[in-house]
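Thanks for coming. I will take a few minutes to walk through one model, starting with its aromatic rings and ending with its charged side chains.

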Amino acid sequence: MNGSAMTAQEILGLFELDDAGKVLYYRKDLPGEPGATSEDIVGHNFYNEVAHFENVDQFRRCVTEFTRSATAANSFDFECRYGNSAHRVKVLLARICDSVNRNNTKSVLVYLKRK
């Protein structure tokens, strides 16, 4: 992919993001390709280079609020808007904590699946 925007169909899957939104890991969740891993977007910023839906800033705020909370996991419904279309997704969030300091979040798992 080389850092280009993902389509609504491609945005589905499991992402591991660091504090800045850099993709540390990605596993696709596409029909016909269940569980396919992709190295193409690893190292790219999820919010600026990968997910180019119009309301990505709203999505980023949701993830940031989660990382600032003490909650271990959370889920919510989200509508990714692309021009005249919207794609509803279920978002599952989980934190990966530092093994020494459980209060320190190392990264966040973000799983987007079709609603």
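First, a rule for ring pairs: rings of Phe, Tyr and Trp (its six-membered ring) pair if their centres lie within 6.5 Å, and planes under 30 degrees apart count as stacked, over 60 as edge-to-face and the rest as tilted. With that rule, ring pairs join Phe 15, Tyr 26, Phe 46, Tyr 47, Phe 53, Phe 59, Phe 76, Phe 78 and Tyr 82 into a cluster.

Before going on, a word on the source. This is a predicted model, in which local features need pLDDT of at least 70 and side-chain atom pairs count only at pLDDT 80 or more, while totals for chains, interfaces and linings use all residues. Residues are numbered from 1 along each chain as its sequence is written, and side-chain values use heavy atoms, with hydrogens and water left out.

Now the overall layout. The protein has two helices and six strands, where helices (H or I, at least four residues) and strands (E, at least two) are DSSP runs numbered from the N terminus. Their order from the N terminus is β-β-β-α-α-β-β-β. Of the 115 residues, 35% count as buried; buried means under 20% relative accessible area, exposed over 50%, and partly exposed in between, with a 1.4 Å probe and protein chains only. Taking contacts with a separation of 6 or more, 44% are between residues 24 or more positions apart, a contact being heavy atoms within 4.5 Å.

Back to the rings. How many aromatic pairs does the rule give? The count is ten. One of them is Phe 15 with Phe 46, an edge-to-face pair with 4.8 Å between the centres and 70 degrees between the planes. This pair links distant parts of the chain, since Phe 15 is in strand S1 (residues 13-17) and Phe 46 is in helix H1 (residues 46-50), 31 residues apart. Both Phe 15 and Phe 46 are buried.

Another edge-to-face pair is Phe 59 with Phe 78, at 5.2 Å centre to centre and 70 degrees between the planes. Here too distant parts of the chain are linked: Phe 59 is in helix H2 (residues 56-68), Phe 78 is in strand S4 (residues 73-82), and they are 19 residues apart. Phe 59 counts as buried because its relative accessibility is 0%. Phe 78 is also buried, with a relative accessible area of 5%.

Next, Phe 76. Is Phe 76 buried or exposed? Its relative accessibility is 17%, so Phe 76 counts as buried. Phe 76 is in strand S4. Leaving aside neighbours within four places in sequence, Phe 76 is in contact with Phe 59, Cys 62, Val 89, Lys 90, Val 91 and Leu 93.

S4 and S5 pair in the antiparallel sense over ten bridges; two strands pair if DSSP finds at least two bridges between them. The bridge partner of Phe 76 in S5 is Val 91. The hairpin of S4 and S5 has two residues between the strands, and Gly 83 in this hairpin takes a positive phi near 55 degrees.

A short note on cysteines. A disulfide here is a pair of cysteine sulfur atoms within 2.5 Å, and the count is zero. Cys 62 counts as partly exposed because its relative accessibility is 26%. Cys 97, at 21%, counts as partly exposed as well.

Last, the charged side chains. A salt bridge is a side-chain nitrogen of Lys or Arg within 4 Å of a carboxyl oxygen of Asp or Glu. By this rule there are two salt bridges. In one, Lys 90 pairs with Asp 77, and the closest N and O atoms are 3.6 Å apart. Lys 90 is in strand S5 (residues 85-97) and Asp 77 in strand S4, 13 residues apart. Lys 90 is partly exposed at 25% relative accessibility, and Asp 77 is partly exposed at 37%.

In the other, Asp 77 meets Lys 115 at 3.4 Å, N to O. Lys 115 is in the segment after strand S6 (105-114), 38 residues from Asp 77. At 52% relative accessibility, Lys 115 counts as exposed. Which residues do the shared partners join? Asp 77, Lys 90 and Lys 115 form one network.
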